[in-house]
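Visitor: I am new to this structure and would like to learn how its features are read, one after another. Could we start with the words we will need?

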Amino acid sequence: MADASPDLLDPAALERAAAEGELAALVARWTAQTAGDELRRVVLAALRLDLALVVREPALLFQCVYNRVYWHASAEAAAFYGEGADAGAPLRAWAERWRALRGGRGPWARSLRPPEFPLLGPLREEYRGVPDGAGAPALSRDGRIVGCWGPTAIAWERATGCALAPDLAAQQLDDGRPELEARGDAWGRAQVDDRRSGASLVDVKVDGDSKFDCAIGLADRTAVFVAGWCQDYDGVLARIDLAGAKVRWRVQIGGQIHALACDRAGALVAASDGAAIHLLDGTSGATLVSAPLTAHALALSADGSTLVTRHEDVLRVWDVAALRRGRPTRLRGTHEGWIDAAFSPGGQRLITGTLLCDGRDGRLIARLDLDGPGYLEGGPPRHGRRLADDRFVEMAPRGLAVWDAIEGKRERVDWDRHYVHTQEVVLSPDARWYVHGRLRGWWPIEMQLCAVDDGSVRAELGKVEPRCVAFAPDSGRLLVAAGGTVTLWQVSTGTREATLLQHPAAVTGVAVARDGSCAVTGARDGVLRVWSLASGELRGARPLTADDPVERSWSVDGEDTGGWRATPEALARLEGWLGWSHAPHGSTLRRREGLTDIVASGRVRVRVPAQEGLVPAPGGTRWASRVDHFAIEDEPATTPEGRPKSDVPRDR
């Protein structure tokens, strides 16, 4: 049969199958034929993972397969995952040959790091584009259909990757189980109602210190599982048999449980606390495995062999037996620390979670020992971390630390300087200076300009709102607005350089242009103004419009503390006005159908199956999130003789 099927390692055959809608059939024919054939098994796993996406978007076939198989069994993968062996990247040469055969088919997004979860692991399938109102994950009774069951049902046929019509999706995913609601009104009591009838199913005392706010019941209505939190937000889970309303078992595990699932017989329970998924024996409550996976909602197949998780707008299908065999390999360190993704000002460095990487080629430089979540009340200040091209600074409750960003070595620690969530910090772009003060509700606070390295105070800035402080891109000057006065300071000397003309109303936000030539201010009179930093003169002004984002907020005393702030969205509205420029590139993001579109000049530049929250490098050719790092490749088109086609536009 293999002889009659197109070869999985033939790029032309794969592209033809995708274009003609035959990819699912090709995958099905090869599924039973890859035993002992490692290379084809890896390619098959890559196709299976993204089958639903490629069926919908055939043009993404090469990008999806390349970005998964290129890293398989490589030294880079072992470094990023923190485990695994380097087998010489056996499919890298094949992926590069396919890349060369594509010629100049236009821009695409090449991954600069391994995928979040490797091939041949517990992750088997992904489904993208789940809308907000689609409800919780679900599987059909026979496990062949996966989706979300709710007011707006969405589902896919797993074998083909094809989406089902909404009415058919709702029909296939309804397994007849009761819809339960945990009230969580009283400490220590499990109170569960039938959502459809409103009848009370359970009202029983479990302990003295838990809040149970999620529940799921068995199909035969003989028991329910309830979960929530206790003590210092530890996770708690219990099984209650409805006959006699008896608590069979209660366990504490992980953090606060917010999602539950069980198989049809109640032999297996899955619970998510946001940082991990815990699989438990439904009969005894014994923990079978805790896997470091992020999920907002869960579902288990009727026989307990398959787990479905939902994170943002992506459904993932997992093999439970593979999960139970041990800790799943994933990019280690990306979900730690307080940073999603940040490029240095010049784009040379990138930090995601605790991973310091080369911002240009993606190479892992070091794992930084950063402070991380775990504080019951607050934590570090919101903006207490800054990556420059040559250093990284963290200002945290445990102290201030400075890393060399070139090699990733920690070079300075000051355990006596502690910074917590009640302090506001603004770090300079070069990570050598900072402004800070202790928050006092919504009122302006006494701010100081200090040096990072020794903590010396360079200037007392007076009472200032934190959002009315902005460093120039070269870190040499500091703009400070207090009331209606805007002052320009020399950072190195801590001296006033100039005072801009008085505003007729208190300033609510300031920002400095990318080239340092001018600044923009917003004030309570509803007027935006652009100032020349060289002369201090007003370039021009205009009233706020309905299209200018403003932030509405009020103090505990009811005072309106909102107004215009220098957010990225607000600054983007001003691009090109009176010489103002803040964006280092012309690309923007648009999220739709589970994909991120990178848009330039009103046209989609590339479509990327990436997480939400991508941030750009200064040049707009690199993009990253906690788990993603992409480079936009623009391959020049060529003639059959290999010469570039001059009439094909190239993206710069």
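Guide: Let us begin with burial: a residue is called buried when its relative accessible area is under 20%, exposed when that area is over 50%, and partly exposed in between. Please keep in mind throughout that this is a predicted model. With that cut-off in hand, we can say that Trp 94 and Trp 98 are both buried.

Visitor: Where do Trp 94 and Trp 98 lie, and how far apart are they along the helix?

Guide: Both belong to helix α7, where four residues, about one turn of the helix, separate them.

Visitor: How should I read a pair of aromatic rings?

Guide: A pair of aromatic rings is described by two quantities, the distance of the centres and the angle of the planes. Searching the whole structure in this way gives 14 aromatic pairs. In one of them, the ring centres of Phe 62 and Trp 98 are 5.3 Å apart and the planes stand at 70°, so this pair is edge-to-face. Because Phe 62 sits in helix α5 (residues 61–69) and Trp 98 in helix α7 (residues 92–101), the pair ties together parts that are 36 residues apart in sequence. The rings of Trp 94 and Trp 98 also pair, but here the arrangement is tilted, with 5.5 Å from centre to centre and 55° between the planes.

Visitor: Which residues do ring pairs link into a cluster?

Guide: The cluster joined by ring pairs consists of Phe 62, Tyr 66, Tyr 70, Trp 71, Trp 94, Trp 98 and Trp 108. A charge is also found over one of these rings, for the charged end of Arg 92 sits over the ring of Trp 71, 5.6 Å from its centre.

Visitor: Is Phe 62 buried or exposed?

Guide: Its relative accessible area is 4%, and because buried means under 20%, Phe 62 counts as buried. Trp 98, at 1%, is buried as well. Leaving aside residues up to four places away in sequence, Gln 63 touches Trp 108, Ala 109, Arg 607, Val 608 and Pro 609.

Visitor: What is the general idea behind a nonpolar core?

Guide: In soluble globular proteins, nonpolar side chains tend to be buried together. Here the largest nonpolar core has 54 residues, and those that touch the most other members are Leu 23, Leu 47, Leu 61, Val 69, Trp 94 and Leu 307. Helix α3 (residues 38–49) supplies the largest share of this core, seven residues. There is also a second, separate core of 30 residues, including Cys 468, Leu 478, Val 491 and Ala 519.

Visitor: Which residues does Leu 23 touch?

Guide: If residues up to four places away in sequence are not counted, Leu 23 touches Leu 14, Ala 17, Ala 18, Leu 47, Leu 51, Val 54 and Leu 61.

Visitor: How does one read a residue in a loop, such as Thr 160?

Guide: Thr 160 is found in the loop between β5 (154–157) and α8 (166–173), and at 22% relative accessibility it counts as partly exposed. Its side chain is joined to that of Glu 157 by a polar contact of 2.8 Å. Thr 160 and Ala 52 are 108 residues apart in sequence, yet their C-alpha atoms are 7.3 Å apart in space.

Visitor: And how are strands read?

Guide: In a regular strand the side chains alternate between the two faces of the sheet. In strand β13 (residues 259–262), Ala 259 and Ala 261 lie on one side, Leu 260 and Cys 262 on the other, and all are buried, which leaves both faces covered. Strand β13 runs antiparallel to strand β14 (residues 268–272), with four bridges joining them, and the bridge partner of Leu 260 in β14 is Ala 271. Together β13 and β14 form a hairpin with five residues between them, and Gly 266 in the turn has a positive phi of about 80°.

Terms used:
Residues numbered from 1 in each chain as written. Heavy atoms only, no water. Core = buried A, V, L, I, M, F, W, Y, C linked by side-chain atoms within 4.5 Å. Buried < 20%, exposed > 50% of the residue type's maximum accessible area, 1.4 Å probe, protein only. Helix = DSSP H or I, 4+ residues; strand = E, 2+ residues; numbered from the N terminus. Contact = heavy atoms within 4.5 Å. Phe/Tyr/Trp six-rings, centres within 6.5 Å; stacked < 30°, edge-to-face > 60°. Lys NZ or Arg CZ within 6 Å of the ring centre and 35° of its normal. Polar contact = N/O pair within 3.5 Å; in protein donor to acceptor, adjacent residues only side chain to side chain. Pairing = 2+ DSSP bridges.
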